Amino acid sequence: MPFAVGRETVGKNHIMEYSQIVGIVFLVLWAVFAIMLLHFFVFTVVGIFTRKTFPKTEEKLRYAVVVSARNEERVIGKLIDSIRASSYPQEKL
């Protein structure tokens, strides 16, 4: 049953046009999602099978360890012991 909007009469033909527009928008959104998903999978597979190697260096750089802790008195001692037990030279920490 057609209904009036302003001076025009909207019937079944216009409803079909709206559903086609919704279908096109859905198709575009689906295509964008599919491209993003493909991008994710391609880079995941490439990342699994390729490893970036870093050149070896003899120079050991000096580092500082910053530990942000609040109410951690039960575990902070273990953390400091773990940092001291690392294989990195102690004079460089």
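This report describes the confidence, fold elements, surface and one backbone feature of a predicted model.

## Basis and confidence

Residues are numbered from 1 along each chain as its sequence is written, and side-chain values use heavy atoms, with hydrogens and water left out. Because the model is predicted, local features need pLDDT of at least 70 and side-chain atom pairs count only at pLDDT 80 or more, whereas totals for chains, interfaces and linings use all residues.

The chain has an average pLDDT (the predictor's confidence in each residue, from 0 to 100) of 81, and 82% of the residues score at least 70. Where pLDDT is low, the predicted coordinates should not be read in detail.

## Fold elements

The chain contains two helices and two strands, assigned as DSSP runs (H or I, at least four residues, for helices; E, at least two, for strands) and numbered from the N terminus. Their order along the sequence is β-β-α-α.

## Surface

Of the 93 residues in the chain, 1% are buried (under 20% relative accessible area; exposed is over 50%, partly exposed in between; 1.4 Å probe, protein chains only).

Y18 lies in helix 1 and is partly exposed, at a relative accessible area of 49%.

## Backbone at N71

N71 belongs to the loop between helix 1 and helix 2 (76-84). Although not a glycine, N71 has a positive phi of about 55°. Most residues other than glycine have a negative phi. N71 is exposed, with a relative accessible area of 59%.
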